[in-house]
Amino acid sequence: DYFADAWNTFDALIVVGSIVDIVITEINVKQVSKESSVRIFNPKPAGKFKFKVNTSALPYVALLIAMLFFIYAVIGMQVFGKIAMVDGTSINRNNNFQTFPQAVLLLFRFLDLLVNGTPGWFGLDILSSCNHR
């Protein structure tokens with residue numbers, strides 16, 4: 001009965017995947033600790049160190065940001081998608097959640113203006129217009 005629902009199956013898959021990840025990580029930590037103890041007793045000479053930038057996590061960070069934009073765009077479409085667009089107000093053809101691309105663009109504008117801290121932030125007008133309709 002539990003696996004009859006697709007969300008329960010998805011949830012079980014996530015839990016099993018997490019457990020497998022924890023086990024694999026524990027196995028790799030034991031192997032790394034042996035290698036690091038060898039490095040302690042055989043250090044490199046001081047002139048041999050080079051600065052190295054680790055960009056291996058960069059795609060994962062970009063994927064996380066894209067996933068958050070996707071989630072909030074879908075939530076915005078569900079909550080604010082039915083608000084009528086009226087030219088001359090804050091909810092118009094450029095600022096709305098009626099389509100997915102428009103929702104993502106509006107979220108990007110919110111993020112851009114939030115990060116830059118613009119004094120005349122238009123986002124408050126849009127949010128108050130969504131609240132009254």
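**Close-up views of a predicted model**

**View 1. Contacts of Phe69.** Setting aside residues up to four places away in sequence, Phe69 touches Val104, Leu107, Phe108 and Leu111, where contact means heavy atoms within 4.5 Å. The model is predicted: local features need pLDDT of at least 70, side-chain atom pairs count only at pLDDT 80 or more, and totals for chains, interfaces and linings use all residues. Residues are numbered from 1 along each chain as its sequence is written, and side-chain values use heavy atoms, with hydrogens and water left out.

View 2. Helix α2 (residues 58–80) has 23 residues; helices are DSSP runs (H or I, at least four residues) and strands are DSSP runs (E, at least two), numbered from the N terminus. From its first C-alpha to its last, α2 reaches 32 Å, close to the 33 Å expected at 1.5 Å a residue; the expected span is 1.5 Å times one less than the number of residues. The buried residues of α2 are Phe69, Ala73 and Gly76 (buried, under 20% relative accessible area; exposed, over 50%; partly exposed, in between; 1.4 Å probe, protein chains only). Their cover includes α3 (100–116).

**View 3. The largest nonpolar core.** This core has 7 residues: Phe69, Ala73, Phe97, Ala103, Leu106, Leu107 and Phe110. A nonpolar core is a set of buried Ala, Val, Leu, Ile, Met, Phe, Trp, Tyr and Cys residues joined through side-chain atoms within 4.5 Å. Helices α2 and α3 each supply at least two residues of the core, and the largest share, 4 residues, comes from α3.

**View 4. The annotated segment 57–75.** An unreviewed UniProt entry lists residues 57–75 as "transmembrane region"; UniProt positions follow the numbering used here, feature names are shortened, and annotations may be inferred rather than shown by experiment. In the model, this span is 95% helix and 0% strand, with its end C-alpha atoms 27 Å apart.

**View 5. Aromatic pairs.** The whole structure contains 4 aromatic pairs. Among them, Tyr2 and Phe3 are edge-to-face, at 5.2 Å centre to centre with 85° between the planes. Rings of Phe, Tyr and Trp (its six-membered ring) pair if their centres lie within 6.5 Å; planes under 30 degrees apart count as stacked, over 60 as edge-to-face and the rest as tilted. Tyr2 is partly exposed at 41% relative accessible area, whereas Phe3 is exposed at 57%. The ring centres of Trp7 and Phe10 lie 6.0 Å apart with planes at 85°, so this pair is edge-to-face. Both residues lie in helix α1 (residues 6–41), 3 residues apart, about one turn of the helix. Trp7 is exposed at 62%, and Phe10 is partly exposed at 44%.
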